[in-house]
Structures are given as C-alpha cells and as structure tokens.
Amino acid sequence: INSTRAVVTIPVVVHILYNTAVQNISDMRIKEQIDCLNKDFRKLNSDIINVPSVWQSIAADCEMQFCLAQKTPSGAPTTGIEKKQTSVTFFKHDANETMKHSSGGGLDAWDINKYFNIWVCPLEQGLGGYAQFPNQFDNNYGVVIGYGRFGGNININLGRTLTHEIGHCFNLIHIWG
C-alpha cells in the first residue's frame, strides 16, 4: 500500500456578475472566500472544535485546496477573476442558467476539465446558491452563489455557503436527505 499522498490543487475561476455597485464583489473578498474554502477542506478552520462529537472521528483533511487560476484557457495570465456588469437584476435557478451564458447576461464557463467555475451573482429571493452533483456534469459544471453569501468574513454562514455547495459537487448530499 502506497501511503504517500499529495494535496490536490484545484484552479478556480470566479465569475462576478453584478447589476449594482454593491454586488460587485471586491478581489479581497474573493481571496477571503478562497482562504475559507482551503481552511474548511483541509480541516484547518479555527472552529473545528465545534464539530459534534458523533462526527469528530470522521472529520478529515480532504487533501485538496483551491487557488485562483493563473492562466486563461488560451494561456494568457489572469487573476482567476472575471467581472461583468449585467442588465439582469436577478438570476433564477432554472434550466436556462442564464448566469452561465454571455448571451443571457452572464459569463461563459471556462473549460471544466481544467477549472472549477464559480458564478457569483444576484439570485432570486430566498436562494443562497446551488451546485451540480457529479451525475449532472456538463459543460457549465460548477457552483452558483448569491453575492450576499460569498466571502470568508461575512456574517451569513461565515463564508460556508460556498463550502456547502462545493460539497455537492463532490457528491455530498444533505444529511437529512
């Protein structure tokens, strides 16, 4: 048995769609969110002691980390962040997924075989975010999250909404499901 393991680094592209200035997430807030993801998935978060005792023995370092992409699909340097002001006041969670298409006021996915795509946008009332499960894998695979739920130091869920949604992409279901 080979016990040598390596941490997998997943390049991320964050697509910011905003209708108003307040929805235009800062680069600092994006970096805070990536830091939050890394702490959560590597079991380095400071509140790990709050894991209920029934789950403590199986809480694990997932040995994966996220980083903002450094090259575009064409090989040009990038920050891993793209922003677009849109005339869309809010996006809906429906089959069209217009936030994932420039033709619908959104931004197109980057190659899903090389990048993990995250769309941050104004979402319809009551929706914090959503993700695709591996069996829903398509050319727009990734996570959609409301701008108010995105960021590592925000009051709502402490930036954990994205951690939760990315868990679905790795086939984790709700424990009440």
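**The pocket and its helices**

Sorted by class, the residues that line the largest pocket are 13 nonpolar, seven polar and four charged, where Ala, Val, Leu, Ile, Met, Phe, Trp, Tyr, Cys and Pro count as nonpolar, Asp, Glu, Lys and Arg as charged, and the others, Gly among them, as polar. This is a predicted model, in which local features need pLDDT of at least 70 and side-chain atom pairs count only at pLDDT 80 or more, while totals for chains, interfaces and linings use all residues. Residues are numbered from 1 along each chain as its sequence is written, and side-chain values use heavy atoms, with hydrogens and water left out.

The lining consists of 24 residues, and Val51, Trp55, Thr163, Leu172 and Ile175 are those that lie nearest the centre of the pocket. A pocket here is an open set of points on a 1 Å grid over the protein atoms alone, where a 1.4 Å probe fits, with protein on both sides within 12 Å along at least five of seven lines, and lining residues have an atom within 4 Å of a point. Helices α1 and α3 each supply at least two residues of the lining, and the largest share, five residues, comes from α3; helices (H or I, at least four residues) and strands (E, at least two) are DSSP runs, numbered from the N terminus.

Helix α3 spans residues 160-169, and because eight of its ten residues are buried, it is largely enclosed by the rest of the structure. Buried means under 20% relative accessible area, exposed over 50%, and partly exposed in between (1.4 Å probe, protein chains only). Among the buried residues of α3 are Thr161, Glu165 and His168, and the buried residues of this helix pack against α1 (27-41) and the strands β2 (64-68), β4 (116-121), β5 (129-131) and β6 (142-146), contact being heavy atoms within 4.5 Å.

Helix α1 has buried residues that include Ile30, Leu37 and Phe41, and its buried residues pack against β1 (8-18), β2, β3 (81-85) and α3.

Most residues other than glycine have a negative phi.
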